[in-house]
Amino acid sequence: MKFRSLLNGSLLVSFREALFSGVAPDGSLYVPESIPALPADAMNPDTAHTLPSVAAQVLGLYIDEIPFEQLQRMVDGAFSFPIPLVKLEDDLSLLELFHGPTLAFKDVGARFMASALSYFLEQEHRELTIAVATSGDTGSAVAQGFLNIPHISVFVLYPSGKISTLQEQQIATVGGNIHAVEVEGTFDDCQHLVRTALADRELVRARNLTTANSINLGRLIPQITYYVWGLLELQRQADWEIDRKLAADVCVPSGNFGNITAAAYAKRMGAPITNLFSASNANEVVPDFFRTGSFRPRPSLQTLSNAMDVGNPSNFARLQSLYDNNFAAMKNDISSTSVSDEETLVEMRRTYEHSGTILDPHTAVGVAATRRLKATRASSGPTIVMGTAHPAKFPAVVTKALGITIPLPRQLQEALQRTKQSTRIPAEYGRVKKLLMS
Ligand SMILES: *Cc1c(COP(=O)(O)O)cnc(C)c1O
(Lines give C-alpha, C1' and ligand atoms only; values in the text may rest on other atoms or scores of the structure.)
Protein backbone atom coordinates (compact mmCIF):
# COMPACT_ATOMS: atom_id res chain seq x y z
CA MET A 1 0.00 0.00 0.00
CA LYS A 2 1.24 3.47 -0.92
CA PHE A 3 0.11 6.83 0.41
CA ARG A 4 -0.55 9.89 -1.72
CA SER A 5 -0.53 13.60 -1.16
CA LEU A 6 -3.97 15.23 -1.01
CA LEU A 7 -2.99 17.75 -3.69
CA ASN A 8 -1.18 15.43 -6.03
CA GLY A 9 -2.45 11.90 -6.66
CA SER A 10 0.77 10.87 -8.39
CA LEU A 11 2.96 11.84 -5.44
CA LEU A 12 3.12 8.37 -3.88
CA VAL A 13 5.22 7.45 -0.85
CA SER A 14 5.75 4.44 1.41
CA PHE A 15 4.30 4.25 4.93
CA ARG A 16 7.80 4.83 6.26
CA GLU A 17 8.15 8.04 4.25
CA ALA A 18 4.72 9.35 5.33
CA LEU A 19 5.51 8.46 8.96
CA PHE A 20 8.84 10.29 9.04
CA SER A 21 7.84 13.37 7.05
CA GLY A 22 4.34 13.94 8.46
CA VAL A 23 3.39 16.42 5.75
CA ALA A 24 3.90 15.93 1.98
CA PRO A 25 6.49 18.10 0.19
CA ASP A 26 3.59 20.07 -1.36
CA GLY A 27 2.44 20.98 2.16
CA SER A 28 -0.70 18.81 2.10
CA LEU A 29 -1.55 15.69 4.09
CA TYR A 30 -0.98 12.09 3.11
CA VAL A 31 -3.93 9.73 2.62
CA PRO A 32 -4.05 6.03 1.74
CA GLU A 33 -3.91 5.49 -2.02
CA SER A 34 -6.99 3.27 -1.68
CA ILE A 35 -9.08 1.94 1.20
CA PRO A 36 -8.67 -1.83 1.66
CA ALA A 37 -11.62 -4.11 2.44
CA LEU A 38 -11.80 -6.04 5.70
CA PRO A 39 -11.40 -9.79 5.23
CA ALA A 40 -14.64 -11.77 5.11
CA ASP A 41 -14.41 -13.14 8.66
CA ALA A 42 -13.24 -9.88 10.29
CA MET A 43 -16.69 -9.08 11.68
CA ASN A 44 -17.52 -12.61 12.83
CA PRO A 45 -17.80 -12.41 16.61
CA ASP A 46 -17.48 -16.17 16.92
CA THR A 47 -13.82 -15.90 15.95
CA ALA A 48 -11.57 -15.38 18.95
CA HIS A 49 -10.67 -11.73 18.42
CA THR A 50 -8.66 -9.71 20.89
CA LEU A 51 -8.04 -5.98 20.66
CA PRO A 52 -4.39 -6.49 19.55
CA SER A 53 -5.39 -9.16 17.02
CA VAL A 54 -7.96 -6.81 15.46
CA ALA A 55 -5.32 -4.05 15.44
CA ALA A 56 -2.77 -6.25 13.67
CA GLN A 57 -5.36 -7.34 11.12
CA VAL A 58 -6.43 -3.75 10.34
CA LEU A 59 -2.92 -2.28 10.33
CA GLY A 60 -1.57 -5.14 8.22
CA LEU A 61 -3.93 -4.08 5.41
CA TYR A 62 -2.28 -0.65 5.27
CA ILE A 63 1.31 -1.34 6.28
CA ASP A 64 3.18 -3.94 4.25
CA GLU A 65 6.70 -2.76 5.08
CA ILE A 66 6.69 -4.25 8.57
CA PRO A 67 6.65 -8.07 8.89
CA PHE A 68 3.31 -9.21 10.31
CA GLU A 69 4.81 -10.86 13.43
CA GLN A 70 6.65 -7.62 14.16
CA LEU A 71 3.47 -5.59 13.64
CA GLN A 72 1.71 -7.90 16.07
CA ARG A 73 4.37 -7.25 18.73
CA MET A 74 4.05 -3.51 18.14
CA VAL A 75 0.28 -3.46 18.60
CA ASP A 76 0.60 -5.57 21.75
CA GLY A 77 2.48 -2.57 23.16
CA ALA A 78 0.28 0.17 21.68
CA PHE A 79 -3.01 -1.50 22.66
CA SER A 80 -1.92 -2.65 26.10
CA PHE A 81 -5.00 -1.19 27.84
CA PRO A 82 -8.64 -2.30 27.54
CA ILE A 83 -11.20 -0.52 25.32
CA PRO A 84 -14.51 -1.68 26.78
CA LEU A 85 -17.92 -1.13 25.20
CA VAL A 86 -20.20 -0.07 28.04
CA LYS A 87 -23.96 0.03 27.68
CA LEU A 88 -25.43 3.36 28.77
CA GLU A 89 -29.07 2.90 27.76
CA ASP A 90 -31.02 0.76 25.32
CA ASP A 91 -29.42 1.32 21.93
CA LEU A 92 -26.72 3.62 23.32
CA SER A 93 -23.25 2.41 24.26
CA LEU A 94 -19.95 4.14 25.06
CA LEU A 95 -16.70 2.87 23.66
CA GLU A 96 -14.29 3.85 26.45
CA LEU A 97 -11.10 4.91 24.70
CA PHE A 98 -9.69 6.48 27.85
CA HIS A 99 -7.99 3.71 29.84
CA GLY A 100 -4.47 4.42 28.54
CA PRO A 101 -1.70 6.26 30.39
CA THR A 102 -3.06 9.79 29.77
CA LEU A 103 -6.72 8.76 29.91
CA ALA A 104 -7.66 9.96 26.42
CA PHE A 105 -7.95 8.32 23.02
CA LYS A 106 -4.83 10.09 21.73
CA ASP A 107 -2.76 7.47 23.59
CA VAL A 108 -3.58 4.90 20.90
CA GLY A 109 -2.12 6.89 18.02
CA ALA A 110 0.84 8.27 19.95
CA ARG A 111 1.90 4.83 21.18
CA PHE A 112 1.65 3.17 17.79
CA MET A 113 3.48 6.03 16.06
CA ALA A 114 6.30 5.79 18.61
CA SER A 115 6.82 2.07 18.09
CA ALA A 116 6.63 2.34 14.29
CA LEU A 117 9.28 5.09 14.25
CA SER A 118 11.47 3.07 16.57
CA TYR A 119 11.17 -0.01 14.35
CA PHE A 120 12.46 1.82 11.26
CA LEU A 121 15.21 3.61 13.22
CA GLU A 122 16.46 0.28 14.52
CA GLN A 123 16.64 -1.08 10.96
CA GLU A 124 18.56 1.97 9.80
CA HIS A 125 20.81 2.37 12.86
CA ARG A 126 19.64 5.95 13.26
CA GLU A 127 18.53 8.20 16.10
CA LEU A 128 15.66 10.68 15.94
CA THR A 129 14.78 13.86 17.83
CA ILE A 130 11.17 14.95 18.10
CA ALA A 131 10.03 18.44 19.07
CA VAL A 132 6.38 19.14 19.85
CA ALA A 133 4.55 22.22 21.04
CA THR A 134 1.55 21.57 23.25
CA SER A 135 -1.30 23.36 24.92
CA GLY A 136 -1.68 20.30 27.18
CA ASP A 137 -3.16 17.08 25.87
CA THR A 138 -1.00 16.30 22.85
CA GLY A 139 2.16 16.84 24.90
CA SER A 140 1.14 14.39 27.60
CA ALA A 141 0.09 11.71 25.08
CA VAL A 142 3.40 12.11 23.22
CA ALA A 143 5.46 12.18 26.46
CA GLN A 144 3.81 8.98 27.72
CA GLY A 145 3.71 7.30 24.29
CA PHE A 146 7.40 7.88 23.54
CA LEU A 147 8.72 7.21 27.05
CA ASN A 148 11.59 4.69 26.94
CA ILE A 149 11.18 4.13 23.20
CA PRO A 150 14.67 3.32 21.90
CA HIS A 151 16.47 5.65 19.42
CA ILE A 152 14.15 8.63 20.07
CA SER A 153 14.57 11.77 22.21
CA VAL A 154 11.54 14.01 22.68
CA PHE A 155 11.40 17.72 23.54
CA VAL A 156 7.96 18.91 24.63
CA LEU A 157 7.56 22.70 24.66
CA TYR A 158 4.70 23.98 26.79
CA PRO A 159 3.67 27.48 27.92
CA SER A 160 4.63 28.15 31.53
CA GLY A 161 1.62 28.51 33.83
CA LYS A 162 -0.85 27.99 30.98
CA ILE A 163 -1.53 24.26 31.19
CA SER A 164 -3.17 22.42 34.07
CA THR A 165 -1.08 20.99 36.93
CA LEU A 166 -2.12 17.50 35.91
CA GLN A 167 -1.05 18.04 32.32
CA GLU A 168 2.27 19.55 33.40
CA GLN A 169 2.93 16.63 35.75
CA GLN A 170 2.29 14.16 32.92
CA ILE A 171 4.78 15.98 30.68
CA ALA A 172 7.44 17.20 33.07
CA THR A 173 7.94 14.31 35.47
CA VAL A 174 8.58 11.33 33.24
CA GLY A 175 12.31 11.95 32.60
CA GLY A 176 14.40 9.50 30.61
CA ASN A 177 14.23 10.34 26.91
CA ILE A 178 11.45 12.90 27.45
CA HIS A 179 12.67 16.48 27.96
CA ALA A 180 10.11 18.98 29.20
CA VAL A 181 10.75 22.58 28.15
CA GLU A 182 8.78 25.19 30.06
CA VAL A 183 8.59 28.26 27.84
CA GLU A 184 7.98 31.70 29.33
CA GLY A 185 5.33 32.59 26.77
CA THR A 186 2.11 31.40 25.13
CA PHE A 187 1.19 28.25 23.22
CA ASP A 188 1.65 30.24 20.01
CA ASP A 189 5.22 31.06 21.08
CA CYS A 190 5.88 27.35 21.63
CA GLN A 191 4.44 26.50 18.24
CA HIS A 192 6.51 29.22 16.59
CA LEU A 193 9.70 27.95 18.28
CA VAL A 194 9.06 24.40 17.06
CA ARG A 195 8.34 25.61 13.51
CA THR A 196 11.55 27.66 13.54
CA ALA A 197 13.51 24.62 14.73
CA LEU A 198 12.01 22.43 11.98
CA ALA A 199 13.01 25.02 9.38
CA ASP A 200 16.60 25.23 10.74
CA ARG A 201 18.51 22.98 8.34
CA GLU A 202 21.63 22.80 10.46
CA LEU A 203 19.64 21.60 13.45
CA VAL A 204 17.40 19.25 11.45
CA ARG A 205 20.45 17.59 9.91
CA ALA A 206 22.53 17.43 13.10
CA ARG A 207 19.74 16.00 15.23
CA ASN A 208 17.51 14.26 12.64
CA LEU A 209 14.71 16.47 13.91
CA THR A 210 11.00 16.02 13.20
CA THR A 211 7.67 16.52 14.95
CA ALA A 212 4.81 14.26 16.03
CA ASN A 213 1.64 16.21 15.50
CA SER A 214 -1.82 14.77 15.17
CA ILE A 215 -1.93 14.92 11.37
CA ASN A 216 0.67 12.14 11.08
CA LEU A 217 -0.70 9.04 9.35
CA GLY A 218 1.09 6.93 11.95
CA ARG A 219 -1.42 8.24 14.48
CA LEU A 220 -4.51 8.13 12.27
CA ILE A 221 -4.38 4.57 10.93
CA PRO A 222 -4.24 2.72 14.29
CA GLN A 223 -7.42 4.58 15.29
CA ILE A 224 -9.40 2.62 12.68
CA THR A 225 -8.90 -0.43 14.91
CA TYR A 226 -11.24 0.54 17.69
CA TYR A 227 -14.19 1.16 15.36
CA VAL A 228 -13.93 -2.42 14.09
CA TRP A 229 -13.39 -3.59 17.67
CA GLY A 230 -16.40 -1.62 19.01
CA LEU A 231 -18.73 -3.11 16.41
CA LEU A 232 -17.45 -6.60 17.16
CA GLU A 233 -18.07 -6.05 20.86
CA LEU A 234 -21.60 -4.83 20.08
CA GLN A 235 -22.29 -8.02 18.16
CA ARG A 236 -20.92 -10.11 21.00
CA GLN A 237 -23.17 -8.34 23.50
CA ALA A 238 -26.26 -8.41 21.30
CA ASP A 239 -29.05 -10.91 21.44
CA TRP A 240 -27.55 -13.27 18.97
CA GLU A 241 -30.63 -14.89 17.50
CA ILE A 242 -32.28 -11.60 16.59
CA ASP A 243 -29.37 -9.35 15.81
CA ARG A 244 -27.04 -11.25 13.55
CA LYS A 245 -25.33 -8.77 11.19
CA LEU A 246 -26.18 -5.89 13.49
CA ALA A 247 -25.16 -2.47 12.19
CA ALA A 248 -24.77 0.66 14.31
CA ASP A 249 -24.44 4.41 14.11
CA VAL A 250 -21.17 5.79 15.40
CA CYS A 251 -20.83 9.21 17.06
CA VAL A 252 -17.46 10.97 17.30
CA PRO A 253 -16.87 14.12 19.40
CA SER A 254 -14.66 16.05 16.97
CA GLY A 255 -12.07 18.82 16.99
CA ASN A 256 -9.43 18.32 14.33
CA PHE A 257 -11.57 15.60 12.69
CA GLY A 258 -8.88 12.93 12.71
CA ASN A 259 -10.85 10.50 14.83
CA ILE A 260 -13.97 10.70 12.66
CA THR A 261 -11.82 10.28 9.55
CA ALA A 262 -10.64 6.97 11.02
CA ALA A 263 -14.32 6.05 11.57
CA ALA A 264 -15.12 6.87 7.93
CA TYR A 265 -12.20 4.67 6.82
CA ALA A 266 -13.60 1.82 8.95
CA LYS A 267 -17.01 2.24 7.33
CA ARG A 268 -15.49 2.25 3.84
CA MET A 269 -13.52 -0.91 4.74
CA GLY A 270 -16.80 -2.67 5.38
CA ALA A 271 -17.38 -2.29 9.13
CA PRO A 272 -21.19 -2.28 9.64
CA ILE A 273 -21.59 1.44 10.38
CA THR A 274 -24.87 3.02 9.23
CA ASN A 275 -24.57 6.75 10.01
CA LEU A 276 -21.55 8.72 11.15
CA PHE A 277 -22.56 11.34 13.70
CA SER A 278 -20.11 14.21 13.95
CA ALA A 279 -20.44 16.13 17.23
CA SER A 280 -18.97 19.63 17.59
CA ASN A 281 -19.05 22.11 20.44
CA ALA A 282 -19.59 25.84 19.77
CA ASN A 283 -16.84 25.64 17.15
CA GLU A 284 -19.27 25.10 14.29
CA VAL A 285 -17.15 25.15 11.14
CA VAL A 286 -18.19 21.62 10.21
CA PRO A 287 -21.90 21.79 11.17
CA ASP A 288 -21.98 24.99 9.05
CA PHE A 289 -20.29 23.14 6.20
CA PHE A 290 -23.00 20.48 6.24
CA ARG A 291 -25.66 23.20 6.30
CA THR A 292 -24.23 25.43 3.59
CA GLY A 293 -21.71 23.40 1.58
CA SER A 294 -18.93 25.90 2.20
CA PHE A 295 -16.00 25.37 4.54
CA ARG A 296 -15.11 28.57 6.34
CA PRO A 297 -12.38 28.35 9.03
CA ARG A 298 -12.53 30.90 11.82
CA PRO A 299 -10.79 31.68 15.13
CA SER A 300 -11.52 29.03 17.77
CA LEU A 301 -13.88 29.65 20.69
CA GLN A 302 -13.11 28.46 24.20
CA THR A 303 -15.55 25.85 25.56
CA LEU A 304 -15.82 23.25 28.35
CA SER A 305 -14.74 20.56 25.86
CA ASN A 306 -11.46 22.33 25.15
CA ALA A 307 -9.70 19.55 23.20
CA MET A 308 -12.36 20.19 20.53
CA ASP A 309 -11.79 23.96 20.37
CA VAL A 310 -10.56 24.00 16.79
CA GLY A 311 -11.51 26.69 14.29
CA ASN A 312 -9.74 25.19 11.28
CA PRO A 313 -9.88 21.38 11.55
CA SER A 314 -6.83 20.15 9.69
CA ASN A 315 -8.05 16.62 8.99
CA PHE A 316 -11.28 17.70 7.33
CA ALA A 317 -9.61 17.75 3.91
CA ARG A 318 -8.84 14.05 4.39
CA LEU A 319 -12.50 13.34 5.07
CA GLN A 320 -13.59 15.32 1.99
CA SER A 321 -11.05 13.48 -0.14
CA LEU A 322 -12.47 10.11 0.96
CA TYR A 323 -15.74 11.24 -0.66
CA ASP A 324 -13.97 12.75 -3.70
CA ASN A 325 -15.21 16.13 -2.45
CA ASN A 326 -18.77 15.07 -3.30
CA PHE A 327 -21.00 17.01 -0.89
CA ALA A 328 -24.10 14.85 -1.45
CA ALA A 329 -22.13 11.64 -0.81
CA MET A 330 -20.71 13.08 2.40
CA LYS A 331 -24.14 14.15 3.61
CA ASN A 332 -25.43 10.70 2.88
CA ASP A 333 -23.02 9.16 5.41
CA ILE A 334 -22.37 11.97 7.89
CA SER A 335 -24.67 14.11 10.04
CA SER A 336 -23.30 16.93 12.08
CA THR A 337 -24.48 19.16 14.89
CA SER A 338 -23.17 21.62 17.44
CA VAL A 339 -23.72 21.30 21.22
CA SER A 340 -23.40 24.34 23.53
CA ASP A 341 -21.67 24.35 26.93
CA GLU A 342 -25.08 24.61 28.60
CA GLU A 343 -26.35 21.55 26.70
CA THR A 344 -23.12 19.73 27.60
CA LEU A 345 -23.74 20.29 31.33
CA VAL A 346 -27.39 19.25 30.96
CA GLU A 347 -26.33 16.02 29.25
CA MET A 348 -23.74 15.25 31.96
CA ARG A 349 -26.56 15.63 34.53
CA ARG A 350 -29.09 13.62 32.57
CA THR A 351 -26.71 10.71 31.98
CA TYR A 352 -25.54 10.70 35.60
CA GLU A 353 -29.09 10.67 36.93
CA HIS A 354 -30.26 8.08 34.44
CA SER A 355 -27.39 5.58 34.56
CA GLY A 356 -24.91 6.72 37.23
CA THR A 357 -22.25 7.21 34.55
CA ILE A 358 -20.04 10.29 34.77
CA LEU A 359 -19.28 11.63 31.30
CA ASP A 360 -16.37 13.92 30.54
CA PRO A 361 -17.47 17.11 28.69
CA HIS A 362 -16.21 15.86 25.28
CA THR A 363 -18.07 12.58 25.49
CA ALA A 364 -21.14 14.46 26.75
CA VAL A 365 -21.11 16.56 23.55
CA GLY A 366 -21.21 13.23 21.68
CA VAL A 367 -24.12 11.83 23.70
CA ALA A 368 -26.15 15.05 23.37
CA ALA A 369 -25.46 15.19 19.62
CA THR A 370 -26.52 11.54 19.26
CA ARG A 371 -29.93 12.19 20.81
CA ARG A 372 -30.54 15.03 18.35
CA LEU A 373 -29.10 13.37 15.23
CA LYS A 374 -30.85 10.04 15.74
CA ALA A 375 -34.16 11.88 15.46
CA THR A 376 -33.21 13.73 12.26
CA ARG A 377 -32.01 10.50 10.64
CA ALA A 378 -35.00 8.49 11.88
CA SER A 379 -32.38 5.99 13.00
CA SER A 380 -33.72 3.12 15.06
CA GLY A 381 -30.54 1.04 15.44
CA PRO A 382 -27.96 1.18 18.23
CA THR A 383 -25.41 3.97 18.48
CA ILE A 384 -21.85 3.75 19.77
CA VAL A 385 -20.50 7.05 21.14
CA MET A 386 -16.74 7.42 21.40
CA GLY A 387 -15.73 8.07 25.01
CA THR A 388 -12.75 10.26 24.17
CA ALA A 389 -11.53 11.18 27.67
CA HIS A 390 -11.86 10.06 31.28
CA PRO A 391 -14.05 12.42 33.36
CA ALA A 392 -11.37 12.65 36.08
CA LYS A 393 -9.31 14.76 33.68
CA PHE A 394 -11.95 17.51 34.03
CA PRO A 395 -12.71 17.69 37.76
CA ALA A 396 -13.93 21.31 37.68
CA VAL A 397 -16.50 20.63 34.95
CA VAL A 398 -17.69 17.48 36.73
CA THR A 399 -18.18 19.45 39.95
CA LYS A 400 -19.96 22.24 38.08
CA ALA A 401 -22.33 19.81 36.36
CA LEU A 402 -22.93 17.23 39.10
CA GLY A 403 -21.84 18.85 42.36
CA ILE A 404 -19.52 15.93 43.15
CA THR A 405 -15.77 15.43 43.25
CA ILE A 406 -14.46 12.56 41.22
CA PRO A 407 -11.68 10.29 42.55
CA LEU A 408 -8.41 10.43 40.62
CA PRO A 409 -7.53 7.27 38.73
CA ARG A 410 -4.21 5.58 39.51
CA GLN A 411 -2.43 7.03 36.43
CA LEU A 412 -3.15 10.60 37.55
CA GLN A 413 -2.34 10.01 41.23
CA GLU A 414 1.04 8.64 40.24
CA ALA A 415 1.73 11.61 37.96
CA LEU A 416 0.87 14.09 40.74
CA GLN A 417 3.36 12.46 43.12
CA ARG A 418 6.36 12.56 40.83
CA THR A 419 8.95 15.38 40.90
CA LYS A 420 8.86 18.01 38.19
CA GLN A 421 12.04 18.16 36.11
CA SER A 422 11.62 20.71 33.33
CA THR A 423 14.00 23.24 31.83
CA ARG A 424 12.58 26.74 31.99
CA ILE A 425 13.59 29.10 29.19
CA PRO A 426 12.52 32.46 27.75
CA ALA A 427 10.70 32.27 24.41
CA GLU A 428 13.90 32.75 22.40
CA TYR A 429 14.91 30.50 19.55
CA GLY A 430 18.62 30.61 20.49
CA ARG A 431 17.82 28.93 23.79
CA VAL A 432 15.74 26.21 22.15
CA LYS A 433 18.46 25.47 19.61
CA LYS A 434 21.09 25.22 22.33
CA LEU A 435 18.93 22.74 24.24
CA LEU A 436 18.22 20.61 21.19
CA MET A 437 21.89 20.62 20.14
CA SER A 438 23.21 19.69 23.59
C1 LIG B 1 -8.34 15.44 20.63
C2 LIG B 1 -9.63 15.20 21.32
C3 LIG B 1 -10.87 15.22 20.62
C4 LIG B 1 -10.97 15.58 19.16
O5 LIG B 1 -10.44 14.59 18.33
P6 LIG B 1 -10.11 14.92 16.80
O7 LIG B 1 -9.48 13.69 16.26
O8 LIG B 1 -9.13 16.08 16.85
O9 LIG B 1 -11.37 15.29 16.14
C10 LIG B 1 -12.02 14.91 21.32
N11 LIG B 1 -11.99 14.63 22.64
C12 LIG B 1 -10.83 14.60 23.33
C13 LIG B 1 -10.88 14.30 24.78
C14 LIG B 1 -9.61 14.89 22.71
O15 LIG B 1 -8.47 14.87 23.42
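Two residues are said to be in contact, or to pack against each other, when heavy atoms of theirs lie within 4.5 Å. Helices (H or I, at least four residues) and strands (E, at least two) are DSSP runs, numbered from the N terminus. A residue is called buried under 20% relative accessible area, exposed over 50%, and partly exposed in between (1.4 Å probe, protein chains only). The structure is a predicted model, in which local features need pLDDT of at least 70 and side-chain atom pairs count only at pLDDT 80 or more, whereas totals for chains, interfaces and linings use all residues. Residues are numbered from 1 along each chain as its sequence is written, and side-chain values use heavy atoms, with hydrogens and water left out.

Helix α5 spans residues 137–146, and because nine of its 10 residues are buried, this helix is largely enclosed by the rest of the structure. The buried residues are Asp137, Gly139, Ser140, Ala141, Val142, Ala143, Gln144, Gly145 and Phe146. They pack against the helices α4 (106–124), α6 (165–172) and α9 (217–220), and against the strands β6 (128–133), β7 (152–159) and β8 (178–184). After α5 comes asparagine 148, with a positive phi near 65°.

Helix α16 (residues 341–355) consists of 15 residues. From its first C-alpha to its last it reaches 21 Å, close to the 21 Å expected at 1.5 Å a residue; the expected span is 1.5 Å times one less than the number of residues. Thr344, Leu345, Glu347, Met348 and Thr351 are buried in α16. Seen down the helix axis, these buried residues fall within an arc of 160°, so they line one face of α16; the arc is that of the directions from the helix axis to the C-beta atoms. An α-helix has 3.6 residues a turn, so residues three or four places apart point the same way. The buried residues of α16 pack against β4 (85–89), α17 (361–376) and α18 (395–402). The face turned away from this buried side carries the exposed residues Glu353 and His354. Glycine 356, which follows α16, has a positive phi near 80°.

The ligand is surrounded by 15 residues, of which the closest are Lys106, Gly255, Asn256, Phe257 and Asn259; a residue counts here if one of its heavy atoms lies within 4 Å of the ligand. An N or O atom in the side chain of lysine 106 is 2.5 Å from an oxygen atom of the ligand. Phenylalanine 257 belongs to the loop between β10 (248–253) and α12 (258–269). At 3% relative accessibility, phenylalanine 257 counts as buried, and its phi is near 65°, a positive value in a residue other than glycine. Positive phi is also found at leucine 103, near 60°, in the loop between β5 (92–96) and α4. Leucine 103 is buried, with a relative accessible area of 1%.

Several individual residues were also examined. Tyrosine 62 lies in helix α2 (residues 51–62) and counts as buried, at 0% relative accessibility. Not counting residues up to four places away in sequence, tyrosine 62 touches Met1, Phe3, Pro32, Ile35, Pro36, Ile221, Ile224, Tyr265 and Met269. Isoleucine 35 is 27 residues from tyrosine 62 along the chain, and their C-alpha atoms are separated by 8.3 Å.

Serine 28 is found in the loop between α1 (15–21) and β3 (30–32) and, at 9% relative accessibility, counts as buried. Its side chain makes a polar contact with the side chain of serine 5 (3.2 Å). A polar contact is a pair of N or O atoms within 3.5 Å; within protein, one must be able to donate a hydrogen and the other to accept it, and residues adjacent in sequence count only if both atoms are side-chain atoms. The side chain of serine 28 also reaches the backbone nitrogen of leucine 7, at 3.4 Å.

Lysine 162, in the loop between β7 and α6, is exposed, with a relative accessible area of 54%. Leaving aside neighbours within four places in sequence, lysine 162 is in contact with Gly185 and Thr186.
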